Amino acid sequence: MAKPVSIEVWNPNGKYRVVSTKPMPGTRWINLLIEQDCRVEICTQKKTILSVEDIIALIGDRCDGVIGQLTEDWGETLFSALSRAGGKAFSNMAVGYNNVDVNAANKYGVAVGNTPGVLTETTAELAASLSVAAARRIVEADEFMRAGRYDGWLPHLFVGNLLKGQTVGVIGAGRIGSAYARMMVEGFKMNLIYFDLYQATRLEKFVTAYGAFLKANGEQPVTWKRASSMDEVLREADVISLHPVLDKTTYHLINKERLATMKKEAILVNCSRGPVVDEVALVAHLKENPMFRVGLDVFEDEPFMKPGLANMKNAIVVPHIASASKWTREGMATLAALNVLGKIKGYPVWSDPNRVEPFLNENAPPPAASPSIVNAKALGLAVSKLFPLSSLFFFRYPAGYAGRSMADYLLLPEVEDPPDAGRKSPRIASIDVFRGLCVFVSSILSPSLFTLAAAMIFPVVRHGSSLSVGYIMARISVSDFIFAGNVLSIVS
Ligand SMILES: NC(=O)c1ccc[n+]([C@@H]2O[C@H](COP(=O)([O-])OP(=O)(O)OC[C@H]3O[C@@H](n4cnc5c(N)ncnc54)[C@H](O)[C@@H]3O)[C@@H](O)[C@H]2O)c1
Ligand SMILES: O=C(O)[C@H](O)CO
C-alpha cells in the first residue's frame, strides 16, 4: 500500500476529479478547471520526482484525469491505475513525452496530451544564450571575475569565437530548431545548415529573404543548406544545436565517432533531451579538445551529470530551464489542464497543435477542444474540423510572398514574417488566382460566412478603398487551401 501524499484541494464539490502531480505556475489553469466543475487536487509533497507508487496513491479509487510531469514514468502501471479509477485523460506539462509509453495509454484508452508551441521561442532563446555564452566564454569569465583574479585588460584574456559569418547547424528543425535557427541567422548573421527528416520550407524562405535583404543593403548575404545527412552538419557547422525529439532514432545521436567528425573549435548545444548525446563520450571529447565547447540544458541521467562533466571549463551546464519563462510555464500549465478537461468533457481535439494561441488568450474563453492529444488518431478521437471563429483571428499563414491572409491584417504581429515582407509594400508577384478562388468557394460553402466577409472587408479598411476584389483574392495565401480542405472534409 503506497503511503499517502500531501495535497491541496480546490473546488472540493466539483464533479470531475483532476489531479496535478505538481503545483504549476499561474492560476488560470486552476480557474479553467474549476469553472467546468472540476475538483482540482494538487500534490504538494516536498519531493522533486514522484515515484510510480506516489502517483498511484494520488490517483486513488476515482480520478477523471491527471496532469503529470516529464520526470515521471508514465507506463503500463500508471495507465492501468488511472483506467481502474475511471480516468481517460493524462497530459504531460511538456512538449516532449518520451517519459510516456503511448502504447500503454492506447491500451487503456487514455488520451495523452502535451504542450507544443507555447515553449518554442523560450526554449530557442535559451539555446541561443548557451551558444553565445559558449562562444564568448561568459561563464568562465564570470567565475574569473568573482574569484578576484582580474587585474587589468589583456589582449589574450578570454578570447572566444565571433559568430558572424560562421555556420550554425541545426539538427531537428521542427518548431524549436527553426526558431533557434532564425535567431542565430538574423541575430548574428550566421549561415545555416540543417538536418531534419522533413524539409523546413518556411525556415528556408526566411533565410533566403533575409539574405536578399542583407544583399540589398550592401552586406554579405546569409545562406542556407539542407544537409542530406547529419554528418554533413557535424562536419561543416561551427555551432551545432540539437532539437530533435528523443526516440529510438535519436538516442546517442551524438556519440564518440560523430564528435570526432566535428571541428576542433566547434560548439555543441543540447536543449532537447539528455540521451540524445552519449555523455561519457562527450566528457572524454571535452578533455581531449579544450577548444571544443558545449552548452547543456539536459543530461543523460538527469538530474545527475556523468563523472567529470562538472569539472570541465569548456562546458556550460544549466538545470533543464530552457522553457523557464513565466509566460511559457503558465501557458504550459494551461494547455495541459485544457488537454485533460477537453477529454473529460468529450470535446474534439484541436486540429492544429502548432497553432495553440487561441487557448492562451487570457481575455477570451478557450476553444472547446483539447489543444494537443498525441494519440488522438490511435484512439479515434474526433478532431475539430471547422475553424471556430476565434481561431481565424489567430491563424497565421506562411505568407509573405504570395500575400497575406486577412488574419495577418487584423491582429497578428510580424513575428515570423520574412524581413522583406513589410506591410506597406507586400510582394504579390506570385499571384495565384486559383488559390484565391479556392478560398472564395470554400468561404461560401463554409458555415463561416464571416470568413468571406472579413477577407473582403478588412484589407480594404486597412489599406484604403482602392483595392479591387481581385487584388484581395490574390493576396490570400496558398495556406488558405486549408479552408478548402475543411470544406471538403465536412462534405466528404
Ligand atoms: N530543454 C527543454 O526544456 C526543452 C523544452 C522544449 C522542448 N524540448 C525538447 O525538444 C524537442 C523538440 O521540440 P519541438 O517542439 O521543436 O518538436 P518538433 O516535433 O516541432 O521538432 C522535432 C523535430 O525533430 C525532427 N526529428 C525527429 N527525428 C529526427 C532524426 N532522427 N534526425 C533529425 N531530426 C529528427 C522532426 O522531424 C521534427 O522536425 C521535444 O521533443 C523535447 O524533447 C526541451
Ligand atoms: O519537453 C519539454 O516541454 C521541456 O523539456 C520542458 O521544459
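My notes below go through the ligands, then some contacts, a surface patch and the backbone.

**Before starting.** I reminded myself that this is a predicted model.

**Ligand 1.** I began with the surroundings of ligand 1 and found 26 residues there. The closest are Arg 175, Ile 176, Asp 196, Cys 271 and Asp 297. Sorted by class, the shell of ligand 1 holds 12 nonpolar, 10 polar and four charged residues.

Next I looked up polar contacts of ligand 1. In the side chain of Asp 196, an N or O atom is 2.6 Å from an oxygen atom of ligand 1. Ile 176 takes part through its backbone, where an N or O atom lies 2.9 Å from a ligand 1 oxygen. For Arg 273, I noted a polar side-chain atom 3.4 Å from an oxygen atom of ligand 1. I then checked how covered the molecule is: ligand 1 taken alone exposes 860 Å², and the protein buries 89% of that.

**Ligand 2.** Which residues surround ligand 2? I listed Leu 70, Ala 94, Val 95, Gly 96, Leu 119, Arg 273, His 320, Ser 323 and Met 332. By class, I count five nonpolar, three polar and one charged residues around ligand 2.

Ser 323 has a polar side-chain atom 2.6 Å from an oxygen atom of ligand 2. An N or O atom of the His 320 side chain is 2.7 Å from a ligand 2 oxygen. Gly 96 contributes a backbone N or O atom, 2.9 Å from an oxygen atom of the ligand. Alone, ligand 2 exposes 230 Å², of which the protein buries 90%.

**Salt bridges.** I searched the whole structure and got 16 salt bridges. One I looked at is Glu 121 with Arg 182, whose closest N and O atoms are 3.6 Å apart. Why does this pair tie together parts that are 61 residues apart in sequence? Glu 121 lies in helix α5 (residues 120-135) and Arg 182 in helix α7 (residues 175-188), so the bridge links those parts.

Phe 144 belongs to helix α6 and Phe 158 to the loop between α6 and β7 (167-171), so the pair ties together parts 14 residues apart in sequence.

**Surface patch.** I stayed with helix α6, which spans residues 138-146 and also contains Met 145. Met 145 forms a nonpolar patch on the surface with Tyr 150 and Trp 153. Together the three have about 410 Å² of accessible area.

Asp 37 sits in the loop between α1 (28-35) and β3 (38-43).

I also found a cis peptide bond between Glu 302 and Pro 303, with omega about 10 degrees. Where is Pro 303? I placed Pro 303 in the loop between β12 (293-296) and β13 (315-317).

Definitions and conventions
Residues numbered from 1 in each chain as written. Chains lettered and ligands numbered in written order. Predicted model: local features only at pLDDT ≥ 70, side-chain atom pairs only at ≥ 80, totals over all residues. Heavy atoms only, no water. Patch = residues over 30% accessible without salt bridge, like charges linked within 9 Å, V, L, I, M, F, W, Y side chains within 5 Å. Areas by Shrake-Rupley, 256 points an atom, 1.4 Å probe, with all protein chains shown as cover. Salt bridge = Lys/Arg side-chain N within 4 Å of Asp/Glu carboxyl O. Helix = DSSP H or I, 4+ residues; strand = E, 2+ residues; numbered from the N terminus. Near = heavy atom within 4 Å. Polar contact = N/O pair within 3.5 Å; in protein donor to acceptor, adjacent residues only side chain to side chain. Nonpolar A, V, L, I, M, F, W, Y, C, P; charged D, E, K, R; others polar.
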